[in-house]
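Here are my notes on the model, point by point. Please read them beside the structure.

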Amino acid sequence: MTKFSNKVAIISGGSRDIGRAVCIKLAAEGAKVVINYCNNKDQADEVLGVITAAGGTAIIAQGDMMKPEDVASVVAETQSAFGEEINMLVNVAGGMVARKTLDEMDFDFFEHVMRLNMTSTFLLTKAVVPHMPAGSAIVNFSSQAGRDGGGPGASAYATSKGAVMTFTRGMAKELGPQGIRVNSLCPGMIATTFHDTFTKDAVRENVANATPVRRQGNAEEVAATVANLLSEDSNFITGANIDINGGMFFS
(Lines give C-alpha, C1' and ligand atoms only; values in the text may rest on other atoms or scores of the structure.)
Protein backbone atom coordinates (compact mmCIF):
# COMPACT_ATOMS: atom_id res chain seq x y z
CA MET A 1 0.00 0.00 0.00
CA THR A 2 1.32 3.44 -0.87
CA LYS A 3 1.74 6.22 1.67
CA PHE A 4 -1.40 8.20 0.82
CA SER A 5 -3.84 5.52 -0.36
CA ASN A 6 -7.45 6.74 -0.17
CA LYS A 7 -6.32 10.22 0.92
CA VAL A 8 -7.63 13.32 -0.86
CA ALA A 9 -5.31 16.25 -1.54
CA ILE A 10 -5.96 19.73 -2.91
CA ILE A 11 -2.95 21.54 -4.35
CA SER A 12 -3.49 25.20 -5.23
CA GLY A 13 -1.32 26.42 -8.07
CA GLY A 14 -0.83 22.79 -9.05
CA SER A 15 -0.35 23.22 -12.78
CA ARG A 16 3.30 24.30 -12.92
CA ASP A 17 6.71 24.21 -11.29
CA ILE A 18 6.60 23.26 -7.59
CA GLY A 19 2.82 22.76 -7.59
CA ARG A 20 3.12 20.41 -10.56
CA ALA A 21 5.82 18.39 -8.84
CA VAL A 22 3.75 18.17 -5.65
CA CYS A 23 0.71 16.89 -7.56
CA ILE A 24 2.75 14.21 -9.31
CA LYS A 25 4.54 13.15 -6.11
CA LEU A 26 1.36 12.84 -4.02
CA ALA A 27 -0.44 10.95 -6.79
CA ALA A 28 2.50 8.55 -7.08
CA GLU A 29 2.09 7.89 -3.35
CA GLY A 30 -1.56 6.98 -3.86
CA ALA A 31 -3.38 10.26 -3.15
CA LYS A 32 -6.45 11.38 -5.04
CA VAL A 33 -5.21 14.73 -6.27
CA VAL A 34 -7.05 17.94 -7.11
CA ILE A 35 -4.92 20.05 -9.46
CA ASN A 36 -6.04 23.64 -9.01
CA TYR A 37 -5.11 26.14 -11.70
CA CYS A 38 -6.11 29.71 -12.39
CA ASN A 39 -5.53 30.52 -16.06
CA ASN A 40 -3.58 27.88 -17.97
CA LYS A 41 -5.77 24.84 -18.57
CA ASP A 42 -3.25 23.30 -20.97
CA GLN A 43 -0.67 23.11 -18.19
CA ALA A 44 -3.19 21.56 -15.82
CA ASP A 45 -4.22 19.02 -18.46
CA GLU A 46 -0.55 18.10 -18.93
CA VAL A 47 -0.15 17.39 -15.21
CA LEU A 48 -3.36 15.36 -15.23
CA GLY A 49 -2.04 13.37 -18.18
CA VAL A 50 1.23 12.56 -16.41
CA ILE A 51 -0.64 11.36 -13.33
CA THR A 52 -3.21 9.24 -15.13
CA ALA A 53 -0.58 7.72 -17.44
CA ALA A 54 1.25 6.52 -14.34
CA GLY A 55 -1.95 4.96 -12.96
CA GLY A 56 -2.77 7.76 -10.53
CA THR A 57 -6.06 9.48 -9.79
CA ALA A 58 -6.62 13.21 -10.24
CA ILE A 59 -8.95 15.92 -11.45
CA ILE A 60 -8.34 19.51 -12.46
CA ALA A 61 -10.27 22.36 -10.84
CA GLN A 62 -10.11 25.90 -12.17
CA GLY A 63 -10.28 28.77 -9.73
CA ASP A 64 -8.65 32.00 -8.59
CA MET A 65 -7.82 31.39 -4.94
CA MET A 66 -8.12 35.12 -4.21
CA LYS A 67 -11.88 34.84 -4.85
CA PRO A 68 -14.07 33.20 -2.19
CA GLU A 69 -16.57 31.97 -4.77
CA ASP A 70 -13.81 30.21 -6.75
CA VAL A 71 -12.43 28.65 -3.57
CA ALA A 72 -15.88 27.31 -2.73
CA SER A 73 -16.18 25.89 -6.24
CA VAL A 74 -12.87 24.02 -5.98
CA VAL A 75 -13.91 22.49 -2.65
CA ALA A 76 -17.29 21.49 -4.12
CA GLU A 77 -15.63 19.88 -7.16
CA THR A 78 -13.28 17.98 -4.85
CA GLN A 79 -16.14 16.58 -2.79
CA SER A 80 -18.18 15.73 -5.87
CA ALA A 81 -15.29 13.69 -7.25
CA PHE A 82 -13.83 12.14 -4.10
CA GLY A 83 -16.32 12.43 -1.23
CA GLU A 84 -16.74 14.70 1.77
CA GLU A 85 -13.38 14.31 3.51
CA ILE A 86 -10.28 16.23 2.47
CA ASN A 87 -7.09 14.95 4.10
CA MET A 88 -4.34 17.16 2.71
CA LEU A 89 -4.04 20.76 1.56
CA VAL A 90 -0.98 22.31 -0.06
CA ASN A 91 -1.19 26.08 -0.57
CA VAL A 92 1.29 26.69 -3.38
CA ALA A 93 -0.52 29.42 -5.35
CA GLY A 94 1.19 32.80 -5.18
CA GLY A 95 3.79 34.99 -6.83
CA MET A 96 5.83 38.17 -6.83
CA VAL A 97 4.03 39.93 -9.74
CA ALA A 98 6.90 42.43 -10.19
CA ARG A 99 9.95 43.83 -8.44
CA LYS A 100 9.08 47.32 -7.17
CA THR A 101 10.70 49.65 -4.67
CA LEU A 102 8.64 51.54 -2.12
CA ASP A 103 8.61 54.60 -4.39
CA GLU A 104 7.35 52.52 -7.29
CA MET A 105 4.60 50.69 -5.37
CA ASP A 106 1.08 51.99 -5.07
CA PHE A 107 -1.67 50.71 -2.81
CA ASP A 108 -3.26 48.50 -5.48
CA PHE A 109 0.02 46.71 -6.18
CA PHE A 110 0.81 46.08 -2.52
CA GLU A 111 -2.72 44.87 -1.80
CA HIS A 112 -2.66 42.55 -4.82
CA VAL A 113 0.58 40.90 -3.75
CA MET A 114 -0.79 40.39 -0.23
CA ARG A 115 -4.00 38.90 -1.60
CA LEU A 116 -2.12 36.65 -4.02
CA ASN A 117 0.09 35.11 -1.34
CA MET A 118 -1.59 35.53 2.04
CA THR A 119 -5.31 35.98 1.38
CA SER A 120 -5.39 33.00 -0.99
CA THR A 121 -3.82 30.81 1.70
CA PHE A 122 -6.33 32.03 4.29
CA LEU A 123 -9.37 31.55 2.04
CA LEU A 124 -8.55 28.01 0.94
CA THR A 125 -7.53 26.94 4.43
CA LYS A 126 -10.75 28.32 5.90
CA ALA A 127 -12.82 26.52 3.26
CA VAL A 128 -11.05 23.15 3.57
CA VAL A 129 -10.54 22.77 7.32
CA PRO A 130 -14.22 22.02 8.13
CA HIS A 131 -13.91 18.93 5.91
CA MET A 132 -10.62 17.67 7.40
CA PRO A 133 -10.74 14.71 9.80
CA ALA A 134 -8.22 14.17 12.58
CA GLY A 135 -4.90 13.09 11.10
CA SER A 136 -5.06 15.63 8.27
CA ALA A 137 -2.24 18.00 7.37
CA ILE A 138 -1.66 21.32 5.65
CA VAL A 139 1.53 22.61 4.03
CA ASN A 140 1.74 26.31 3.18
CA PHE A 141 4.36 27.98 1.03
CA SER A 142 6.36 30.83 2.41
CA SER A 143 9.80 31.74 1.05
CA GLN A 144 13.35 32.49 2.09
CA ALA A 145 12.28 36.07 1.32
CA GLY A 146 9.94 35.83 4.30
CA ARG A 147 13.01 35.17 6.45
CA ASP A 148 15.45 37.76 5.09
CA GLY A 149 13.30 40.42 3.39
CA GLY A 150 14.01 39.26 -0.15
CA GLY A 151 16.11 40.76 -2.91
CA PRO A 152 15.82 44.22 -4.48
CA GLY A 153 12.22 45.23 -5.11
CA ALA A 154 10.77 42.21 -3.32
CA SER A 155 9.58 43.83 -0.09
CA ALA A 156 5.86 43.35 -0.79
CA TYR A 157 6.42 39.71 -1.70
CA ALA A 158 8.65 39.15 1.35
CA THR A 159 6.07 40.77 3.62
CA SER A 160 3.28 38.54 2.30
CA LYS A 161 5.42 35.44 2.75
CA GLY A 162 6.33 36.49 6.29
CA ALA A 163 2.60 36.68 6.95
CA VAL A 164 2.22 33.11 5.68
CA MET A 165 4.80 31.96 8.25
CA THR A 166 2.93 33.64 11.09
CA PHE A 167 -0.41 32.30 9.85
CA THR A 168 1.12 28.82 9.81
CA ARG A 169 2.14 29.12 13.46
CA GLY A 170 -1.28 30.44 14.47
CA MET A 171 -3.13 27.69 12.63
CA ALA A 172 -0.88 25.02 14.13
CA LYS A 173 -1.94 26.16 17.61
CA GLU A 174 -5.61 26.53 16.68
CA LEU A 175 -6.03 23.31 14.69
CA GLY A 176 -3.72 21.02 16.65
CA PRO A 177 -6.43 20.02 19.15
CA GLN A 178 -8.53 18.91 16.16
CA GLY A 179 -5.74 16.60 15.01
CA ILE A 180 -4.71 18.80 12.07
CA ARG A 181 -1.05 19.68 11.58
CA VAL A 182 0.05 22.86 9.76
CA ASN A 183 3.56 23.57 8.50
CA SER A 184 5.16 25.66 5.80
CA LEU A 185 8.18 25.54 3.53
CA CYS A 186 10.53 28.45 2.87
CA PRO A 187 12.25 27.67 -0.44
CA GLY A 188 15.38 29.50 -1.51
CA MET A 189 16.74 29.41 -5.06
CA ILE A 190 14.71 26.68 -6.77
CA ALA A 191 15.03 26.28 -10.56
CA THR A 192 11.52 27.32 -11.63
CA THR A 193 9.84 29.76 -13.99
CA PHE A 194 9.52 32.13 -10.98
CA HIS A 195 13.25 32.79 -11.13
CA ASP A 196 13.25 32.60 -14.93
CA THR A 197 10.96 35.62 -14.77
CA PHE A 198 12.23 37.61 -11.79
CA THR A 199 15.89 36.76 -11.27
CA LYS A 200 18.74 37.50 -13.66
CA ASP A 201 20.89 34.58 -14.79
CA ALA A 202 24.02 36.12 -13.30
CA VAL A 203 22.33 36.49 -9.92
CA ARG A 204 21.14 32.88 -10.01
CA GLU A 205 24.67 31.72 -10.83
CA ASN A 206 26.13 33.79 -8.01
CA VAL A 207 23.61 32.43 -5.52
CA ALA A 208 24.23 28.86 -6.64
CA ASN A 209 27.99 29.31 -6.28
CA ALA A 210 27.58 30.81 -2.81
CA THR A 211 25.33 27.98 -1.61
CA PRO A 212 27.13 25.25 0.36
CA VAL A 213 25.83 22.57 -2.02
CA ARG A 214 26.89 24.72 -5.01
CA ARG A 215 23.65 24.52 -6.99
CA GLN A 216 20.03 25.55 -7.21
CA GLY A 217 17.33 23.25 -5.91
CA ASN A 218 14.65 21.63 -8.03
CA ALA A 219 10.90 21.27 -7.74
CA GLU A 220 11.05 17.52 -7.16
CA GLU A 221 13.19 17.99 -4.05
CA VAL A 222 10.66 20.45 -2.67
CA ALA A 223 7.79 18.07 -3.48
CA ALA A 224 9.53 15.25 -1.60
CA THR A 225 9.72 17.46 1.48
CA VAL A 226 6.02 18.34 1.15
CA ALA A 227 5.14 14.65 0.99
CA ASN A 228 7.18 13.97 4.12
CA LEU A 229 5.45 16.78 6.04
CA LEU A 230 2.02 15.50 5.02
CA SER A 231 2.80 11.92 6.02
CA GLU A 232 2.64 10.10 9.34
CA ASP A 233 6.44 10.26 9.40
CA SER A 234 6.01 13.90 10.51
CA ASN A 235 3.23 13.37 13.05
CA PHE A 236 5.02 15.39 15.74
CA ILE A 237 5.93 18.32 13.47
CA THR A 238 3.54 21.26 13.40
CA GLY A 239 3.94 25.03 13.34
CA ALA A 240 7.33 24.66 11.65
CA ASN A 241 8.57 26.89 8.84
CA ILE A 242 11.16 24.70 7.20
CA ASP A 243 14.02 26.10 5.13
CA ILE A 244 14.90 24.35 1.87
CA ASN A 245 17.72 26.34 0.32
CA GLY A 246 20.85 24.18 0.15
CA GLY A 247 22.32 25.92 3.18
CA MET A 248 22.22 29.43 1.74
CA PHE A 249 20.34 30.81 4.74
CA PHE A 250 20.08 29.34 8.23
CA SER A 251 17.12 30.27 10.43
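1. Terms first. Helices (H or I, at least four residues) and strands (E, at least two) are DSSP runs, numbered from the N terminus. Two strands pair if DSSP finds at least two bridges between them. This is a predicted model: local features need pLDDT of at least 70, side-chain atom pairs count only at pLDDT 80 or more, and totals for chains, interfaces and linings use all residues. Residues are numbered from 1 along each chain as its sequence is written, and side-chain values use heavy atoms, leaving out hydrogens and water.

2. The sheet is open and has seven strands, ordered 3-2-1-4-5-6-7, with parallel pairing. Strand 3 (57-62) and strand 7 (241-244) are the edges; each has a single partner strand, so one side of each lacks a neighbour in the sheet. From one strand to the next, the twist averages 20°. Angles run from 0 to 180 degrees between N-to-C directions, with axes fitted to C-alpha atoms, for helices over the stretch in contact.

3. Strand 4 (residues 88-91) and strand 5 (residues 137-141) run parallel, joined by four bridges. Met88 has Ala137 of strand 5 as its bridge partner.

4. Helix 4 (residues 107-128) packs on the sheet. It touches (heavy atoms within 4.5 Å) strand 1 (8-12), strand 4 and strand 5, and its direction makes about 170° with that of strand 4. Helix 6 (residues 155-175) lies across strand 5, strand 6 (181-187) and strand 7, at about 160° to strand 6.

5. Disulfides (cysteine sulfur atoms within 2.5 Å) number zero in the whole structure. For Cys38, the nearest cysteine sulfur is that of Cys23, 15 Å away.
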